[in-house]
Structures are given as C-alpha cells and as structure tokens.
Amino acid sequence: MSTSAHSSTRDVRTAGTVTDRLVEANERYAADFKDPGMDARPVLQVAVVACMDARLDLHAALGLELGDCHTIRNAGGVVTDDVIRSLTISQRALGTRSVMLVHHTGCGLEILTEEFRQELETEVGQRPTWAVESFRDVDQDVRQSMQRVRTSPFLLHTDDVRGFVFDVHTGLLREIDAAADTAAAAS
C-alpha cells in the first residue's frame, strides 16, 4: 500500500465529486497529449448544431475526427440568438460554409412547456429572460431551426443548411425535408 501524498490525493479524488473524476481523467489525457498543430478553422468547413443530450456522441455518429467541425450544443439543439452568434463567428471568422442541425428522438424538450419559466419565477423570484423553446413535433422543430438559420442576416452561407433527427435507439439519422412544411402551408 502506497502512502505517498499523490496516492492519498488520488484516493480523495476518486471518492470526490464527478468533477474531481473528470479533472483526474484530464490529467491522464494530458500526460499523453500531443499538440495536433491545427488552428480553430474546421477542416470540413461545417458547423453542427445539436442537442446537449448525453446519448448523442456526435463525433462517432457522424464519423468526425478532431478538427473536422465546430460543434454547438444546447438543450434541444434549437437555433437561438446565441446559436446564431456562434454560427456567425464560425462562418465569418473561421471559414465554415455548411450547417448541419441534429435533433433527436425522445428529447426532454418534448415534455417541458413554457410554464417551466413560470415555475422558476415562483421558485427563485425572477423570471428567466430566455425561452424554453419546448416543442411537441421534432420534425417541425428541425424545420423551424433550418428556417432561422436560412433567414439570419448575419450568416454568409445559408445554401447548405440541412436538418436531421437522430434516433437514439438505432443510431440512424433521418433527414428532414424543409420543403414539407412549405408545401403543407401552401395547401
């Protein structure tokens, strides 16, 4: 049994918080880390906007390597003002030209409502300034997100914007036709 200070620190961390375990994992990662020598410009010139859901391993699901894309994640993968901000920087300062939106089946935003904001206000005495952006129809929400990207005056490249729903049970992507909403509205 080791009695070094490093050993006892390691034991405390193992028994500590999740963040302690993640910091320890980073130390192991950094020990073998080699600077890949790349800059912040994504090699594939694509930005992927996706939900923060822990079941989505975007790099594995999309066959991406380090440096291939910018990844922007939030609850629901919805296109908010902050996502537009990130996409604008991604395109105008860092050279991306394509946008891929990835929502998924079984999203937690499908069970929340905007009443969540009211509940927070009751609990903490202050109403959030942000919208929950909950939805009932994931396909329609992808269409709305595509429309928000395509109509943003800040984005230079809106011709290659595609939206998908990731099935958390099969791992497959299903592409959403943006025109389906337009056709339904016209009839």
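Tyr 29 is exposed in this predicted model, because its relative accessible area of 52% lies over the 50% cut-off. Phe 33 has a relative accessible area of 41% and is therefore partly exposed. These two residues belong together in the description, since the structure holds 1 aromatic pair, and Tyr 29 and Phe 33 form that pair. A pair of aromatic rings is described by the distance of the centres and the angle of the planes. Here the ring centres of Tyr 29 and Phe 33 are 5.5 Å apart. The planes of the two rings meet at 50 degrees, so the pair counts as tilted. An angle under 30 degrees would have made a pair stacked, and one over 60 edge-to-face.

A search of the whole structure finds 0 disulfides. For Cys 51, the nearest cysteine sulfur is that of Cys 107, at 4.2 Å. Cys 51 has a relative accessibility of 4% and so counts as buried. Cys 107 is buried as well, with a relative accessible area of 5%.

Attention can now turn to the open space in the model. The largest pocket holds about 220 Å³. Its lining is made up of 13 residues, and those closest to the centre are Thr 80, Trp 130, Ala 131, Val 132 and Glu 133. By residue type, the lining of this pocket comprises 8 nonpolar, 2 polar and 3 charged residues.

A last point concerns confidence. The protein chain has a mean pLDDT of 90, with 88% of its residues at 70 or more. Residues 1-9, however, have a pLDDT below 50. Beyond near neighbours in sequence, this stretch makes 1 contact in the model.

Technical notes. Residues are numbered from 1 along each chain as its sequence is written. This is a predicted model: local features need pLDDT of at least 70, side-chain atom pairs count only at pLDDT 80 or more; totals for chains, interfaces and linings use all residues. Side-chain values use heavy atoms; hydrogens and water are left out. On a 1 Å grid over the protein atoms alone, a cavity is a set of points where a 1.4 Å probe fits but cannot get out, and a pocket is an open set with protein on both sides within 12 Å along at least five of seven lines; lining residues have an atom within 4 Å of a point. Grid points are joined across faces, edges and corners, and a volume is the space filled by probe spheres set on the points. Ala, Val, Leu, Ile, Met, Phe, Trp, Tyr, Cys and Pro count as nonpolar, Asp, Glu, Lys and Arg as charged, and the others, Gly among them, as polar. A disulfide is a pair of cysteine sulfur atoms within 2.5 Å. Buried means under 20% relative accessible area, exposed over 50%, partly exposed in between (1.4 Å probe, protein chains only). Rings of Phe, Tyr and Trp (its six-membered ring) pair if their centres lie within 6.5 Å; planes under 30 degrees apart count as stacked, over 60 as edge-to-face and the rest as tilted. pLDDT is the predictor's confidence in each residue, from 0 to 100. Contact means heavy atoms within 4.5 Å.
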